[in-house]
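Please read the following report beside the sequence and the three-dimensional view.

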Amino acid sequence: MPKTKTPAPGTGELKKPKVPVKVPARLVKGAAKGLTAKNPVKVSTSPPKDKPSTAIDKVDTSFLQTLMGYNARRAALSIIELFLERLAPYGLKPVDFSVMSTIQHNPGVTSRQLCATLNLLPPNLVGLIQSLESRGLIERKPHPHDGRAVGLHASPKGQALMVQAEQAASELEIEKTAKLTPSQRQTLLTLLQKIYL
């Protein structure tokens, strides 16, 4: 066998490795074009400096206050807190009150209509209706046009309860919006309804 020549040291020739090494094409192209890495790592030679701790005297919520959802939620929470307190004697939570009020003002309304109007899930409404019925606040009656549907009606006990509960709800809302004039209050209601109606 003929002997292979090994290059003399310092001639610039390299021996081919015995095991082939695959180099990604993008690295080969980048090297050929003289490109630098997209995300070079910066090495700092100076020791890291600790940032001084700060104390907050007043919390800045100016950005949050530009958001409609934040303001609506804060206003709602402010009213709901008082609502829970004032309507506790009637045994009505906000969702119970909404359902009872809708039935009170719409005798014969169906469960399907309640779900669509109040944005409730049917499984959640089933238990709620059963609870109100067991308390004697509502009655089920056959629907006059749809044999498969049942109309919901406030019982005499439910009607009497809602007269008092709705009066309490109106009074507490006037109390919580005392900083608004009657005109401003009506404008606020109209504007909020434009968002979800």
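## Surface and burial

The protein exposes about 16,600 Å², of which carbon and sulfur atoms supply 59%, the accessible areas coming from the Shrake-Rupley method with a 1.4 Å probe, where for residues only the protein chains shown count as cover. Of its 197 residues, 21% count as buried, a term that means under 20% relative accessible area, while exposed means over 50% and partly exposed lies in between (1.4 Å probe, protein chains only).

This is a predicted model, in which local features need pLDDT of at least 70 and side-chain atom pairs count only at pLDDT 80 or more, while totals for chains, interfaces and linings use all residues. Residues are numbered from 1 along each chain as its sequence is written, and side-chain values use heavy atoms, with hydrogens and water left out.

## Overall fold

Seven helices and two strands make up the secondary structure, and along the sequence they follow the pattern α-α-α-α-α-β-β-α-α. Helices (H or I, at least four residues) and strands (E, at least two) are DSSP runs, numbered from the N terminus. Among contacts between residues at least 6 apart in sequence, 52% join residues at least 24 apart, where contact means heavy atoms within 4.5 Å.

## Helices α3 and α5

Helix α3 (residues 94–105) packs against helix α5 (residues 122–134) at an angle of about 70 degrees, with the axes 11 Å apart. Axes are lines fitted to C-alpha atoms, for helices over the stretch in contact, and angles run from 0 to 180 degrees between N-to-C directions. The two helices are therefore roughly perpendicular to each other, the word used for 65 to 115 degrees, whereas angles under 35 count as roughly parallel, over 145 as roughly antiparallel and the rest as oblique.

On the α3 side the contact involves V95, D96, V99, M100 and I103, which meet L125, L128, I129 and L132 in α5.

## An aromatic pair

A search of the whole structure finds one aromatic pair. F83 and F97 form this pair, which is edge-to-face, at 5.3 Å centre to centre and 80 degrees between the planes. Rings of Phe, Tyr and Trp (its six-membered ring) pair if their centres lie within 6.5 Å, and planes under 30 degrees apart count as stacked, over 60 as edge-to-face and the rest as tilted.

F83 lies in helix α2 (residues 68–87) and F97 in helix α3, so the pair ties together parts that are 14 residues apart in sequence. F83 is buried at 9% relative accessibility, and F97 is buried at 13%.
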